[in-house]
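Let's take a walk through this model, one piece at a time. Have the chains up on your screen as you read.

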Amino acid sequence: MSFDTETGASTLARARSHLVDGPVVIEATDVAKTFRIPDHRFDSFKERAAHPLTRRTYRELHALRDVSFEVHLGEFFGIVGRNGSGKSTILKIMASIYRADRGRIRMAGRLAPFIELGVGFNPELTSRENVILNGVLMGLSRQEARRRLDAVLDFAGLAEFTDLKLKNYSSGMMVRLAFAVMVEADADIMLIDEVLAVGDAAFAQKCMDVFRARRQAGKTVVLVTHDMATVQSFCDRAMLIHDGEMRYLGDPQEAALRYYRLNFGGEGDGARGGDVPDVNARLIGAWLENGAGDRIENVEQGEPIGFNVMFEARHDLVNPVFGFHFLTADGVQVFGFNRTLELGDGEPDVLRAGQRVRIAGRVENRLLPGHYYVSSIISRNRTMGDLALHVLRLLDFVVYGTKPGPGSVSIEADVQALVEPGP
Amino acid sequence: MTESTLELRDVNGPSALGGGLRRSLELLYLIASTEFKRTYFGTALGYLWSLCRPLLLFAVLLAVFTHIVRLGSQVAHYPVLLLLNIVLFGFFQEATSTAVGSVVSQEAVVRKTQFPRLVIPLAVVLTSVFNVGLNLIVVFAFILAFGVDPMWTWLLFPLVLMLLFIFTTAVSMIVSSLYPRFRDVGIIWAVFSTALFYATPVLYPLQKVHGTIGQLIAFNPLTPLFELARRWVIDPHAPIEGGALNILVPSAIYVGVCVFAVWIFAREAPRIAEAL
């Protein structure tokens, strides 16, 4: 599987690959876990006693089949896979919540034994008590936890609410507190299950920034997610798990691509059948132009973006849809658009093998200064699920200018603040 | 992180004391003490309220058994004996019945963190230990007020307490580890512990019961503890019932329960998260 495109992201991934040479801090060898799901669950002694001769029959669910991998010191390691693939099970085994049936996991350093934020918080206790309790749960001693109390509350910005019972906190405050505890516990290895499911986008962003900072400090982060944008923008390496088996381990871009292919490629959806052929379309080029028609790397704030992308079909693409997403550097989608082929009367909506398509034009530019990228999805048959090619990062550009602001875009707001005439 | 901490160590999965003994002890103390503080400092009359329950029960039973049934008429210092017994059995009942659902009620912690499983029932017992400690102060005030003279054998009373704490812990471990898989343990235990209340010399001294029932009660592992407490704290002249059998059988049951508790908890602990 190879792409003709050399994107900034994969260069970055290569630059990070030196981490793989670092010492191993997590080593999993042939880890297997099978859940036995009773066909009939005996929840009481009575049921058990009423059917003394019934053999308990089980359906075996192979959550993990001989998974092996290594995580190195200072790595941001992603585990991706869809629901039920076994990705959370491996995390729970690492966190000593489940016991592996076979295989071995070894770890170096102190582990934050949490896989979700705010676990163990007691709403009846004050934040002070909760922070200390959680600190101890994180493996600190009581003195140590008490010593870090102020730092935690400062980080969460909740210093003045120390003696408030947690049940009186807003959910936002609670999440901030939980996150602060986790960060200040200063564990060597953090295991995180879908952290982004908690809190809003801004908070998720803050989390990721902090994780990045932790990584610089030599901490190791293992993140389980099915949000590919996160994997692509943060992970050094990623592992793809499917049906309890490791399908891929390595470059996060590639892992994300394979994840998409598994999910959209028709597996589990027999109607469409089979896997999508490796490459149905090939990217010929993608570039930006300024108003004068010159190719540019970066875009001035407010100047329209001249957008140019060219694909070549390798197989016939029937009813193709070309989708483009503009995302911030951290994977937050800003906007996007879809295009179908412009057709003359009676022309079939097909891009024949070998034919090229150019998607070009001017895009209004309301983006605030910052780093953005464009990703694309080509699908066939007008259903977004049938993926022909997913070029993860098509373009990578910086908007420069002098008018920064909150968020990612500037929107005109015809709003005035007027002093009301007195009563 | 220094090189020395980079040594790879095996991850063995969840267990009774997973995550290290020190962490388990710290957690145990923290959880029990915050829970204790919560009951006592949450409301203005927190401590008084929780003292009210045994005292009220005591008042009712005292009225019934001295004026209606006249069970305590020939027993020396019957009122304070009754109070002491009620507080001791109240501890056992409170701890074990809270422990039954404790692992399930801590579901989030069990399923999402590496939490030493044993800490959950132990914290319940420890909270009750704090409670019974406070209650015993009141009990001893009553004992003195009712004219029982302090004796050197009072120094032996902590031994009885210790044996009671251990037995309570063992029973708590059994019921809390079985409950996630067999939910009717909750109901069974509620009934069983009530039966045990009458099958233990709480309302009456053992000397008052004869025949087969008396023999059965004598085999109850809690019986020697209550009989010892009576002799050592209140009435040194209380008769000792029965022979060696009345010591051997309850002791054997006591040890058996403790061994079974350790075995079943160690067996269930690694899989508790999966049964929830």
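Just after H6(B), B:Gly147 takes a positive phi of about 90°. Helices here (H or I, at least four residues) and strands (E, at least two) are DSSP runs, numbered from the N terminus. Keep in mind that this is a predicted model, where local features need pLDDT of at least 70, side-chain atom pairs count only at pLDDT 80 or more, and totals for chains, interfaces and linings use all residues. Residues are numbered from 1 along each chain as its sequence is written, while chains are lettered from A and ligands numbered from 1 in the order in which they are written.

Now back up into H6(B) itself, residues 119–145.

H6(B) has a partner: its axis and that of H3(B), residues 78–100, come within 9 Å and cross at roughly 170°. (Axes are lines fitted to C-alpha atoms over the stretch in contact, with angles from 0 to 180 degrees between N-to-C directions.) That makes the two helices roughly antiparallel, the label for angles over 145 degrees.

What about the two chains? Counting contacts as C-beta atoms, placed from the backbone, within 7 Å, 41 residues of chain A touch 30 of chain B. H4(A) gives the most to chain A's side, with five residues. Strands meet too: two bridges join E4(A) to E1(B), residues 9–10, and the strands run antiparallel; pairing takes at least two bridges by DSSP. There, A:Met107 has B:Arg9 as its bridge partner.

Key:
Contact = placed C-beta atoms within 7 Å. Expected span 1.5 Å × (residues − 1). Parallel < 35°, antiparallel > 145°, perpendicular 65-115°, else oblique.
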